[in-house]
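Please keep the structure in view while reading.

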Amino acid sequence: VQTCALPISKWDVNAYRLGFGTDKILRDGKIEIVNQNSTVTRDEALATLDYEIKNTYAPIIAQQLGSENWEKLNDKQKASLVSLGYNAGPYFVNARDYGKRIKNAISNNDMNAASAAIASGPTSGGGKFYQGLADRRKEESQIFLA
């Protein structure tokens, strides 16, 4: 990650967000909820991202996939699923059709089908298509097969 996306908070969908799109910030070892006056340093944004990946996104996604499925994945496969979850929400595996297809494909050891299901993940928000999300899904699906 090269830059901090939002050094000051901005409203996005349902909360003020900053850093790498989070509504939380890890500051002095404590989690704070972002508000309209929040700011963040690059180091705080990176620390928050690392904290959320390790303590929220990866554990939730692993639990939803089941330990047998999660443990059969390599680090790149896990990272691609965490990236998807960081963008789409950590409960996508059981809450969304594409998540269920990913889980089923992994259960069946069909990593090509899992990759295709990742690519079919969300590319829009608020009814609007975003090329950046389409590019992200493509990259996540390619990393999954790397």
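Helix 1 and helix 3 cross at roughly 105°, and their axes come within 9 Å. The two helices, in a model that is predicted, are therefore roughly perpendicular to each other, because angles of 65 to 115 degrees count as such. On the side of helix 1, the contact is made by Leu49, Glu52, Ile53, Tyr57, Ala58, Ile61 and Leu65, while helix 3 contributes Leu81, Val82, Gly85 and Tyr86. Nine of these residues are nonpolar, one is polar and one is charged.

Helix 3 also packs against helix 7, at an angle of about 160° with the axes 7 Å apart. Angles over 145 degrees count as roughly antiparallel, and helix 3 and helix 7 are therefore roughly antiparallel to each other. Their crossing is left-handed. Residues in this contact include Ser80, Leu84 and Asn87 of helix 3 and Leu133, Arg136 and Phe144 of helix 7. The contact of helix 3 with helix 7 divides into six nonpolar, four polar and four charged residues.

The table sets out the two pairs.

| Helix pair | Angle | Axes |
|---|---|---|
| Helix 1 and helix 3 | roughly 105° | within 9 Å |
| Helix 3 and helix 7 | about 160° | 7 Å apart |

Which residues lie nearest the centre of the largest pocket? They are Gly21, Tyr86, Asn87, Ala88 and Arg136, from a lining of 32 residues. Among the elements that give two or more residues to this lining are helix 1, helix 3 and helix 7. The largest pocket has a volume of about 1200 Å³, and its lining has 15 nonpolar, 10 polar and seven charged residues.

How values were computed: Residues numbered from 1 in each chain as written. Predicted model: local features only at pLDDT ≥ 70, side-chain atom pairs only at ≥ 80, totals over all residues. Heavy atoms only, no water. 1 Å grid on protein atoms, 1.4 Å probe; cavity = no way out; pocket = protein on both sides within 12 Å on 5 of 7 lines; lining within 4 Å. Points joined across faces, edges and corners; volume = space filled by probe spheres on them. Helix = DSSP H or I, 4+ residues; strand = E, 2+ residues; numbered from the N terminus. Nonpolar A, V, L, I, M, F, W, Y, C, P; charged D, E, K, R; others polar. Axes fitted to C-alpha atoms, helices over the stretch in contact; angles between N-to-C directions. Parallel < 35°, antiparallel > 145°, perpendicular 65-115°, else oblique. Left-handed = near helix turned anticlockwise from the far one by under 90°. Contact = heavy atoms within 4.5 Å.
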